[in-house]
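Subject: Structure handover

Hello,

Here is the structure you were expecting. Notes on the helix contacts, a strand pair and the salt bridges follow below it.

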Amino acid sequence: MGNVFVLDHPLIQHKITHIRKTETGTKDFRELVDEVAGLMAYEITRDLPVTEVTIDTPVTTMQSNVLSGKRIGIVPILRAGLGMVEGVLRHIPTAKVGHVGLYRDPETLQPVEYYIKMPNDIEERELIVVDPMLATGGSAKDAIDSLKKRGATKIKLMCLIAAPEGIDLIKKEHPDVDLYLAAIDEKLNEKGYIVPGLGDAGDRLYGTK
C-alpha cells in the first residue's frame with residue numbers, strides 16, 4: 001500500500017507560505033517552487049541504495065558510500081510540473097526526464113494524451129512524477145496510468161499541495177504509489193480549486209491568466 005508523506009521541514013513550510021501569498025509575483029513564485037522541489041528531493045531520495053567504495057583522502061585510505069547507480073526518471077505533468085524539474089535535477093543530475101501532457105475530452109470526459117515522451121528504459125527506472133497541485137487527482141491518476149501502460153513499475157508522486165479528494169483517488173487507483181507532499185489542504189471548492197491552496201500553479205509560474 002502506498003504511503004503518504006508530508007514533508008514538514010521548517011524551510012519547506014516557510015517557502016510554501018510565501019508561495020501561497022497573492023502578492024508573490026511570477027519571478028519569486030517560480031524561484032520558490034524550484035527551491036521547494038529541491039528540498040523535497042532530499043526526502044524522496046532517502047531510500048536510494050548506496051554501495052561502499054575505497055577512496056583516498058589527503059590523509060589516508062578509507063571506505064565510504066556512493067550511490068549504487070539506481071536509475072531515476074523525473075516526469076513532470078505538463079505544464080505546471082515543469083516548474084519543479086530543475087529543483088530535483090540539481091540534486092539528481094544524472095536522472096532522465098520524461099514528459100506527459102493530458103487533457104480531458106469535454107464530451108467523453110476521458111483522458112486524452114496530447115504529448116508523451118519517456119526514456120526508452122522506463123521499466124528499469126524509479127520514476128518521480130511531479131506536479132505542484134494534487135486537486136481532484138485526475139491528471140496524476142491518468143499520468144500514472146500512462147506510465148504503467150508503458151512498463152513502469154516503480155513510481156512516486158511529488159506535489160507541493162494536495163486536497164484530500166486527490167489523495168483518496170491516488171490511494172484508490174494506484175495503491176502502490178507513494179505520495180510526497182509539502183501540505184495537505186482542507187478541500188476542493190465548487191470550481192475544483194484547492195482551498196486555501198495557491199490558485200492556478202501554471203498561471204502563476206508562467207504569468208498567464
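Two strands are taken as paired if DSSP finds at least two bridges between them. Please keep in mind that this is a predicted model.

Strands

Strand 2 (residues 50-56) and strand 3 (residues 61-67) run antiparallel and are joined by 7 bridges. In this pair, Glu-52 has Asn-65 of strand 3 opposite it.

Helix 1 and helix 2

How do helix 1 and helix 2 cross, and at what angle? The axes of helix 1 (residues 10-20) and helix 2 (residues 26-44) come within 10 Å, with a crossing angle of roughly 155 degrees. Angles over 145 degrees count as roughly antiparallel, and the two helices are therefore roughly antiparallel to each other. The crossing of helix 1 and helix 2 is left-handed.

On the helix 1 side, the contact is made by Leu-11, Ile-12, Lys-15, Ile-16, His-18 and Ile-19. Helix 2 contributes Phe-29, Leu-32, Val-33, Glu-35, Val-36, Leu-39 and Met-40. By type, the residues of this contact are 10 nonpolar, 1 polar and 2 charged.

Salt bridges

The whole structure has 16 salt bridges. One of them links Lys-15 and Glu-35, with 2.8 Å between the closest N and O atoms. Lys-15 belongs to helix 1 and Glu-35 to helix 2, so this pair ties together parts that are 20 residues apart in sequence. In general, side chains of opposite charge can pair when their charged atoms come close. Both Lys-15 and Glu-35 are also listed in the contact of helix 1 with helix 2.

Helix 2 and helix 3

Helix 2 also meets helix 3 (residues 82-89), and their axes come within 7 Å and cross at roughly 50 degrees. That angle makes helix 2 oblique to helix 3. The crossing here is right-handed, whereas that of helix 1 and helix 2 is left-handed.

Helix 2 uses Val-33, Asp-34, Ala-37, Gly-38 and Ala-41 for this contact. From helix 3 come Gly-83, Met-84, Glu-86, Gly-87 and Val-88. The residues of the contact divide into 5 nonpolar, 3 polar and 2 charged. Val-33 takes part in the contact with helix 3 and also in the contact with helix 1.

Regards

Note on methods:
Residues numbered from 1 in each chain as written. Predicted model: local features only at pLDDT ≥ 70, side-chain atom pairs only at ≥ 80, totals over all residues. Heavy atoms only, no water. Axes fitted to C-alpha atoms, helices over the stretch in contact; angles between N-to-C directions. Helix = DSSP H or I, 4+ residues; strand = E, 2+ residues; numbered from the N terminus. Parallel < 35°, antiparallel > 145°, perpendicular 65-115°, else oblique. Left-handed = near helix turned anticlockwise from the far one by under 90°. Contact = heavy atoms within 4.5 Å. Nonpolar A, V, L, I, M, F, W, Y, C, P; charged D, E, K, R; others polar. Salt bridge = Lys/Arg side-chain N within 4 Å of Asp/Glu carboxyl O.
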